[in-house]
Amino acid sequence: MIEKKERMIESEGLLLGMGNPLLDISATVDTEFLKKYDLKSNNAILAEDKHKPLYEEMVRLYKADFIAGGSVQNTMRVAQWLLQKPNVATYMGCVGKDKYSKILEDKAKQAGLNVRYQYVEEEPTGTCAVLITGKERSLCANLAAANCFSQSHIEKPENKRLIETARYIYISGFFLTVSPSSIQTVAKHAYDNDKIFMMNLSAPFLCDFFQKPMLDALPYVDILFGNETEADTFAKVNNFADCTDRKQIALKISEMEKINDKRKRIIIITQGCEPVLVAKDGTVTEYPVAKLPEEKVVDTNGAGDAFVGGFLAQFVQGKSIDTCIKCGIWAATEIVQMSGCTYEGKPNFQS
């Protein structure tokens, strides 16, 4: 069983996250601006050369906010907010030696994260354009320095110790584009030491264009997160013949090869304001999502990251999957009422 006895959070470094630290440049734009850069609403892509002028143009034409971002960093910040105890979570990723990385590090530390960035000279800190149209958002990430993360960083003695300390490890699918070898190293460490290893499908294009590294990592994954479009794309790319029902997709992914047979894989699929699907032990449970009045929804960017942050905050305390999911839904509901993956005050989640 994957549930554990509830525990008080005492140890620092219990949770480790690895991903791409990015400074989000967020603005409400019109659909013509999306078309100009060949972008789709409610999607996430990596920037190509044609997208490079996008960032400065956003700042020039629209009222842009700068927010500390990157999927896993967002998730770790939300988990820390809910835990209200510093340094339970450690975060690793690669940044440039510039003012943007200083902003990112300051904001992450303020959130209680133990930040262990790798710094490089050759590239600037990565940025992500968050283009909001109505209630939808389109993400276009220029990884820059984030793309330079190397295995040497996790082999440094001080970072190796942090990996050894962690009992729960979470990595985004986005990291598959950067350092699949680091994912394999950490995944194997989790298996050898019977730790919980978790990943996120993160974006439809990853399921498609990074299928091999994703399938290489999957046998180590104890808990896999994804949203509805990611789950549908995963099923299509991996030839789940005639399997269009998401409950069946979730079950099928849960039954794919798993190296650690001490526990079965759990699949968690969010569906916006539709119920969250959880495939566990051969059955699928639906968790309803309270629909907010439209006027309260400010920005759906970060909702998925916040969901996982809420889940992990309870999970590392040994709470039931039921409580973890409910906290994930609560956290996502809070974050969509703010601009970007941000929060205010002390959390008041009641299990």
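Q: Which residues form one aromatic cluster with Phe225 and Phe311?
A: This is a predicted model, in which local features need pLDDT of at least 70, side-chain atom pairs count only at pLDDT 80 or more, and totals for chains, interfaces and linings use all residues. Residues are numbered from 1 along each chain as its sequence is written, and side-chain values use heavy atoms, with hydrogens and water left out. Rings of Phe, Tyr and Trp (its six-membered ring) pair if their centres lie within 6.5 Å; planes under 30 degrees apart count as stacked, over 60 as edge-to-face and the rest as tilted. Besides Phe225 and Phe311, the cluster holds Tyr168, Tyr170 and Phe315.

Q: How many aromatic pairs does the structure hold?
A: A pair of aromatic rings is described by the distance of the centres and the angle of the planes. For the structure, the number of aromatic pairs is 14.

Q: What is the angle between the planes of Phe33 and Tyr62?
A: Phe33 and Tyr62 make an edge-to-face pair with centres 5.2 Å apart. Phe33 belongs to helix H1 (residues 31-36) and Tyr62 to the loop between helix H2 (54-61) and strand S4 (65-69), so the pair ties together parts 29 residues apart in sequence; helices (H or I, at least four residues) and strands (E, at least two) are DSSP runs, numbered from the N terminus. The angle between the planes is 75°.

Q: What is the relative accessible area of Tyr62, and why does Tyr62 count as buried?
A: Buried means under 20% relative accessible area, exposed over 50%, and partly exposed in between (1.4 Å probe, protein chains only). Tyr62 is buried because its relative accessible area is 19%.

Q: At what angle do the ring planes of Phe225 and Phe311 lie, and why is the pair edge-to-face?
A: With centres 5.2 Å apart, the rings of Phe225 and Phe311 are edge-to-face because their planes lie at 85°.

Q: How many residues apart are Phe225 and Phe311?
A: Both Phe225 and Phe311 are buried. Phe225 sits in strand S11 (residues 223-227) and Phe311 in helix H12 (residues 303-315), so the pair links distant parts of the chain. The separation is 86 residues.

Q: Which residue lies over the face of Phe240?
A: A charge sits over a ring if NZ of Lys or CZ of Arg is within 6 Å of the ring centre and within 35 degrees of the ring normal. At 5.1 Å from the ring centre of Phe240, the residue is Lys252.

Q: What is the volume of the largest cavity?
A: On a 1 Å grid over the protein atoms alone, a cavity is a set of points where a 1.4 Å probe fits but cannot get out, and a pocket is an open set with protein on both sides within 12 Å along at least five of seven lines; lining residues have an atom within 4 Å of a point. Grid points are joined across faces, edges and corners, and a volume is the space filled by probe spheres set on the points. A search of the whole structure finds two cavities of 30 Å³ or more. The volume of the largest cavity is about 70 Å³.

Q: What is the volume of the second largest pocket?
A: The lining of this pocket has eight nonpolar, five polar and six charged residues. The space in the second largest pocket is about 390 Å³.

Q: Is Asn239 buried or exposed?
A: Asn239 is not a glycine, yet has a positive phi of about 55°. Asn239 lies in the loop between H10 and helix H11 (246-254). At 63% relative accessibility, Asn239 counts as exposed.

Q: Which residue's backbone oxygen does the side chain of Gln317 reach?
A: Gln317 is in the loop between H12 and helix H13 (321-335), and is buried at 17% relative accessible area. At 2.8 Å, its side chain reaches the backbone oxygen of Ala313.

Notes. Ala, Val, Leu, Ile, Met, Phe, Trp, Tyr, Cys and Pro count as nonpolar, Asp, Glu, Lys and Arg as charged, and the others, Gly among them, as polar. A polar contact is a pair of N or O atoms within 3.5 Å; within protein, one must be able to donate a hydrogen and the other to accept it, and residues adjacent in sequence count only if both atoms are side-chain atoms.
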